[in-house]
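Visitor: Could you take a close look at one part of this structure with me, going down to individual side chains? After that, I'd be glad to hear about the surroundings too.

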Amino acid sequence: MNIFAKNFAVLVLSLISLSGQAQEMKVTGTVYDSTGVRPVKNAMAMAVRMKDSLLLGFDRTDENGKFELSGFDIDTFSLILDHPNFDDKTYYMFGHKDNSEITIPSIKMPLKSQEIEEVVIYANREPIFYRGDTLVYVADSFATHEGAVVEDLLKKLPGIKIDKEGKLTSQGQEISKVLVDGDEFFGSDPTIATQNLGADGIATVEVYEKDNEEGIGGDDEKIQVLDLKLKDSAKKGYFGRISGASDFALTPINDKIGTDPFFEGEVLFNKFNGARKFSVFALGSNTPLSSFGRNDMNKFGLSNEDGAGGRFWEDNTQNTSGIPQTLKAGVYFSDKIGKNKAAKINMNYSYYNTELDALTASKSQYFLADTTYYTDDSTRNYSRDQSHRFNLSFETPLDSLTTLKIRPSFRYDLGDSESSDLSSFLDENGVESLRTSIADSSSSKGYSVDAMASINRKFKKKNREFELRYDLDLSDNQTDGNLYSDTRFATSTIDSVDQSKRNYNSSSNHYATLTYVEPIAKRWKTEFEYLFQYGLGNQNKETYDFVNGAYSNELNPDFSNIFETTRQQHRGGVKLKYDNRKHSVSIGLKLRNIDIKNINRISDSTVDQNITNLLPNFRYQFKPSVSKRFGFNYRTSSSQPSITDLQPVPDNSNPNRVQIGNPDLQPNYTHNINLNFNTWQAMSGRYIWSGANVSITDNAFASSTTYDNFGRAVTQTVNVDGNLYAGLWAGGGLPLFNRVFTIEPNVNASYSKYTNFIQDEKNVTRNYDITGGLDFDFEWDSLELFFTSSYSYNNPVSSLSTVSSTPFTIEEYGVGFEWRLPLGFTIGSEGTYTKNSQPGAGFYNTEFFVWNAEVSKTFLKTNNLKIAIIGNDILNQNVNARRQVNGNIVTDYRTTIISRYFLLKATLRFNNRKTKEEDFNGWN
């Protein structure tokens, strides 16, 4: 890898040297006010390429009004002079080898026009700027390749990162939602927008913070939102694409050719007409394109937590990869309707069908106070989940001051799963003491309803506001399954279980929130809020033993129970807010009382809890300039335990790891502090993002585990105080050589303290983690190169056993390029080297290099047809290996995944203009 990195660096420097040998433009000038006498300081001079509005370079005038633009190739471009006190001044430059240096000795800025309709905008202003609290990226200022989608554009934007799993972050903070023109696009699935909408149809990408509307009214939680604003041209007519790919069953599977073919296919059709938008999509695949992690499954509606399919993911959370097959499809519609088009309606339906076949091998080490032992597991899981989701949003003004919002959401899910597990228990000398075999299957179905309705009333007095909001949360799920397990020591059977299980669970929560805002001065206002909640949860677990050749009609009382929980909450609060151009302050306090009844219908026993606490919050933001932001946020919150954690009945879905509920659990209480700072320098393109977070939880939900002589565990959730997480992150970008070459360093560090109980003894696990990375990007017209590197060090330390303090590292290095050639050819390749290490020999130690490549060619006059050959994991080395540290347990996983395959892919893009779907950014 060292030789490879050295050769790569030589290649980059050589290309930079070659690019520097090309003849470049140089434009100088002096800017004066409308009198032509007084020089204008800090006027923006921008060179914008005519054919695609790409920003070639910019500069600000000095105190003498002088500027200089240089370092870009000879081209035809607009020279735009901009200053907030004057109208724009535009020159059209036609570069030539004999006319590469241009000097304009006197540029007189025109007076600010009063006739708005006569103002002509010739070009975008700065490529990145703040509009209030919104960070705005001008999309055309960032070059993307032919056929690029939004995800390709986002990878170009400074401060925005997309990881391998599709997770979006901006300035180091996670993006929770992706909107299109302010609306959700196919519900909460961001990939439908980022992986399907064309980059050329985006005018701006805007990142801002907003209240979490999916939370209950009155919550102080803020989320980061990325909003894709479409160009006017993209809001008229239709566009879309159709693609299909296959290996024609030529990839060897288990050393055999001609078995199951790999395939990918997608259809996307969009028809926009102003405010009316209609879209339909379908995607089917059995490659990693269709692979989902647990967060994706929950986000996309592919699993039913606490219901259909939820049992599989609850018991086998490690199997988030394997051999997948997915079909997802949907239709989306939005429009403005009614008188004066004042009402807005948005609706979408999505269908998901996913199959996952996962084979996982894992090794775990358990650390106790006086001994240690190991388990060796081999697990096979097959699941199939279906989800139907419908979302509706309706907003209309009732009069000039009153607005009605209604937002119902419905989901219906079906799930089937089968799993088998072989486990060996070994003592500290590696001698097997126990072997178990477990087979589990289940079928489940369920529905959920989330709805919100609000009426917002404004008044003639500025900033006075009143809102009444109602939230409804309903769910109903049923699971039927079978469990068979066999436990053996040597050749003797110790225990066997054959049971039929049924699980019914339902919940309903009603929330009513009143909010009133009253201004008390020009920049001061107060906010009063009251919330009432009534919630009811019910879970009925039935277990029947297999007796005399059939399942008994009598319940097994040890594993059967009917449990109910009711909650009534009253919460009142007041908040004081101050806001001006540079400072924004909010300080508030809430008083909450919650009354809880946990009822065991079998034993006819009740646990009553009445809890009162204070929930303070404070928020401050400093905006020293349009390109700098500093924020501080302190908030408190409280979460309630799930009904599964409360119900006092053993869950023996995995007889080796039995879970039992605790009806005495109390809600937790969390303090959260967040700091962030980011800055962008328009002149140089340099940017920095940074932040820190501290979270302290009292009454945290933790585990109390007891082990028998063989290492089998019984776990119960308990409350503990003092769980802590602290993290900090920072990164930035340093463009060089007129932004041809960019260096992007980053660092993440965290410290966590987690308390649990082992054999009734307190165990505190502290984990230290630091990750550093350094990326290099090279962009030169038709050629893009990148190099990435990261090194992560983790050190978990347990108070019960010093033996568990085994640090481990993860190294990852990547390199890749995309070269757009004449005649519509494109060559792309990327490789990633990963090395997992720990002291001594171990299951975790592994290293592999994954190499992917693609060669494509465009056809037709519009270049809208592309044929590509794609190679995935060409060296056939990819593995899924990871480590998980949980309390006194360290587990290493290896999961069978798709490795080497090749696809022949065809993609056809189309639009009503019958033109090229996107201008080519490479060769002319």
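Guide: Let's start with Arg 571, which is found in strand S28, residues 561-579. Please keep in mind that this is a predicted model. Is Arg 571 buried or exposed? Its relative accessibility is 8%, and because buried means under 20%, Arg 571 counts as buried. The side chain of Arg 571 has a polar partner in the side chain of Glu 529, with a contact of 3.5 Å.

Strand S28 also holds Asn 561. With a relative accessibility of 4%, Asn 561 counts as buried too. Which side chains does Asn 561 reach with polar contacts? One is that of Asn 600, at 3.0 Å, and another is that of Gln 647, also at 3.0 Å. If residues up to four places away in sequence are set aside, Asn 561 touches Gln 539, Asn 540 and Lys 541, then Asn 600 and Ile 602, and finally Gln 647, Pro 648 and Val 649.

The protein chain contains 6 helices and 48 strands. Of its 924 residues, 48% count as buried. Among contacts in the chain with a separation of 6 or more, 65% are between residues 24 or more positions apart.

The aromatic rings give some examples of such links. There are 15 aromatic pairs in the structure. A pair of this kind is described by the distance of the ring centres and the angle of the planes. For Phe 269 and Phe 910, the centres are 6.4 Å apart and the planes stand at 20°, so the pair is stacked; the reasoning is that planes under 30 degrees apart count as stacked. This pair joins distant parts of the chain, with Phe 269 in strand S17 (residues 263-273) and Phe 910 in strand S48 (residues 901-911), 641 residues apart. Phe 269 counts as partly exposed at 26% relative accessibility, and so does Phe 910 at 23%. Ring pairs also bring in Tyr 238, which forms a cluster with Phe 269 and Phe 910.

Phe 410 and Tyr 447 form another stacked pair, with 6.4 Å from centre to centre and 25° between the planes. Here the link runs between Phe 410 in strand S22 (residues 402-426) and Tyr 447 in strand S23 (residues 432-458), 37 residues apart. Phe 410 is partly exposed with a relative accessible area of 38%, as is Tyr 447 with 35%.

Rings can have a charged neighbour as well. Lys 857 lies over the face of Phe 859, at 4.5 Å from the ring centre, and over the face of Phe 825, at 5.4 Å.

Lastly, here is how some strands elsewhere in the chain are arranged. An open sheet of 3 strands, with mixed pairing, runs in the order S4-S1-S7. Strand S4 (66-73) and strand S7 (101-108) each have a single partner strand, so they stand at the edges and one side of each is left without a neighbour in the sheet. On average, neighbouring strands of this sheet are turned by 15° against each other, direction ignored. Strand S1 (residues 24-32) pairs with S4 in the antiparallel sense over 7 bridges. Within that pairing, Thr 28 has Glu 68 in S4 as its bridge partner.

Note on methods
Residues numbered from 1 in each chain as written. Predicted model: local features only at pLDDT ≥ 70, side-chain atom pairs only at ≥ 80, totals over all residues. Heavy atoms only, no water. Pairing = 2+ DSSP bridges. Helix = DSSP H or I, 4+ residues; strand = E, 2+ residues; numbered from the N terminus. Axes fitted to C-alpha atoms, helices over the stretch in contact; angles between N-to-C directions. Phe/Tyr/Trp six-rings, centres within 6.5 Å; stacked < 30°, edge-to-face > 60°. Buried < 20%, exposed > 50% of the residue type's maximum accessible area, 1.4 Å probe, protein only. Lys NZ or Arg CZ within 6 Å of the ring centre and 35° of its normal. Polar contact = N/O pair within 3.5 Å; in protein donor to acceptor, adjacent residues only side chain to side chain. Contact = heavy atoms within 4.5 Å.
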